[in-house]
Amino acid sequence: MEYLKIQQDFTDDIDSVRAAAAPDGASASFWLSLYNPTAASSSEPTSADDPSGPRKPIHFTVEARKVTTPAVDRSPRVAFATNPPSALDFTFIDETTLSIGLPSGTRTTLKSPKRSWNISKRISAIGFSPSGSLLVVGSNDGDVRVLDVAAPSSTPRLILTGHKGEITSARFFRSGQVMLTSSADLTTRVWGMLGENPVTLRELPDSLSSAIGSKLAHTRPVSDTGIIGVGRNVVTCSLDGSAWLWELGSSLAIRDLAPARMRETRTPIHAVSGGPAREFETDDKLALFACGDGSLSAVDLRVKDECLIMHSSSRSGLLTCSYDGNRGLVACGSILGSVEIYDLRQPALALHTFKRNESPVNQVFLHGDASMAHPRVTFANDEGSCALLQAGGDKANIAMEYVGVDIEPLTAMDVRGVGDSSQVVTGGREGIIRKY
């Protein structure tokens, strides 16, 4: 699968050309690399040892030059040329977006962030409010920040303190007035917009603790959370192989969701998904757990039965998953860099498997839009890439590349909306939040 990497500040170079006083001739250059080029893009042969292996990347210098169109329209335009010469087709869409057509016939849109915030702490979790006007951001020191997307300052509207370990998930309830966070300190907390913390989930009632021999719901970090419907109940899971259904009104765990095989072997559960934004609808109460042994476990919340087990075709541990209940599709990301899409009605084989390198895939979002002919998945990985994958038949292409961090891992991502118009926010070890 072909994909592009581009200089992070490429839009600055293009903008400098567009803003130049001279009507013609102003120019600037930036670098662009094409990885895994197809035969149509490269004359470089594949490895003799592995004829199906990837070709060497092609590195270009791209010159952006200001030109003036004919007299009927004297507005300035930008023309692009590559060195070495190529058949790449450039279309400058707006101040943050460049579309490039590849010789293979596909197009990739390169998008730079519209806004960024530097919190100078490693970002471990992030989430949009339902309206998109706020972000909840968790860091490795246990603090949780609430940021106003439209505010000119990066000063948080609110800082929530109480967790004593790295934040592992952070999300808004559907009302947009309440937040749910989990942490490596073994707790899950509910917060209000005034900073109040009315609910902390940690200990089990005697009726459940006696069955497992522990008063603590989780004995290792809480790895992820899910919100059921409007938020009367939530699901938590942990690296100790446990998973619980909680009633927020009483702050009590009401059901053990972990299949016996995971609890007995203490198989890490890295993520849970019940639909977009980790919300579980009342008419489709399936919780899907991404597990460290490479399995994807589907549990019926109503009866606590493991109704389906799928095993990753990559034979590697799963770090994340995203479920589209409308179409019965689930996407998952593995520790060895693969993104896989399954149909729960025919789970034996993956519908699509994508892999562009060995970097662990930390986050995936399956776009739940039934109008799309083929599934789309946004992912973020350990090499600092965030991209939108477009599946189609037996092939896939990168429809959009979110340009920003390079090399530094992206450990947090959220998506609001679907398809090309979706908003994406990312964060990672370097401490910078980027919103696209």
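Where in the chain is the place of D141? Let's start there and then move on to the wider picture.

## The spot around D141

This is a predicted model. D141 lies in the loop between β10 (134-139) and β11 (144-148). Is D141 buried, exposed or partly exposed? Its relative accessibility is 34%, so D141 counts as partly exposed.

The side chain of D141 has a couple of polar partners. One is the side chain of S139, with a polar contact at 2.6 Å. Another is the backbone nitrogen of D143, which the D141 side chain reaches at 3.1 Å. Setting aside neighbours within four places in sequence, D141 is in contact with K121 and G165. The C-alpha atoms of D141 and I167 are 7.6 Å apart, though 26 residues separate the two along the chain.

## The chain as a whole

Stepping back, the chain has 3 helices and 36 strands. Of its 436 residues, 56% are buried. The chain exposes about 18000 Å², and carbon and sulfur atoms supply 50% of that area.

How about links along the sequence? Take the contacts between residues at least 6 apart in sequence: 49% of them join residues at least 24 apart.

## The largest nonpolar core

The largest nonpolar core holds 22 residues, and those with the most contacts inside it are F30, L32, F80, L98 and I100. The elements giving two or more residues to this core are β1 (3-6), α1 (10-19), β2 (27-35), β3 (58-68), β4 (76-83) and β6 (97-101).

Not counting residues up to four places away in sequence, F80 touches I14, F30, V62, E63, A64, F90, F92 and L98.

## Rings and a charge

The structure holds 4 aromatic pairs. One of them is F10 with F30: the ring centres are 6.1 Å apart and the planes sit at 55°, so this pair is tilted. It links distant parts of the chain, with F10 in helix α1 and F30 in strand β2, 20 residues apart. F10 is buried, with a relative accessible area of 0%, and F30 counts as buried too, at 2% relative accessibility.

Another pair is F80 with F90. Here the centres are 5.2 Å apart and the planes are at 20°, so the pair is stacked. F80 belongs to strand β4 and F90 to strand β5 (residues 89-94), 10 residues apart. Both F80 and F90 are buried.

Finally, there is a charge over a ring: the charged end of R356 sits over the ring of Y3, 4.0 Å from its centre.

Notes
Residues are numbered from 1 along each chain as its sequence is written. This is a predicted model: local features need pLDDT of at least 70, side-chain atom pairs count only at pLDDT 80 or more; totals for chains, interfaces and linings use all residues. Side-chain values use heavy atoms; hydrogens and water are left out. A nonpolar core is a set of buried Ala, Val, Leu, Ile, Met, Phe, Trp, Tyr and Cys residues joined through side-chain atoms within 4.5 Å. Buried means under 20% relative accessible area, exposed over 50%, partly exposed in between (1.4 Å probe, protein chains only). Helices (H or I, at least four residues) and strands (E, at least two) are DSSP runs, numbered from the N terminus. Contact means heavy atoms within 4.5 Å. Accessible areas come from the Shrake-Rupley method with a 1.4 Å probe; for residues, only the protein chains shown count as cover. A polar contact is a pair of N or O atoms within 3.5 Å; within protein, one must be able to donate a hydrogen and the other to accept it, and residues adjacent in sequence count only if both atoms are side-chain atoms. Rings of Phe, Tyr and Trp (its six-membered ring) pair if their centres lie within 6.5 Å; planes under 30 degrees apart count as stacked, over 60 as edge-to-face and the rest as tilted. A charge sits over a ring if NZ of Lys or CZ of Arg is within 6 Å of the ring centre and within 35 degrees of the ring normal.
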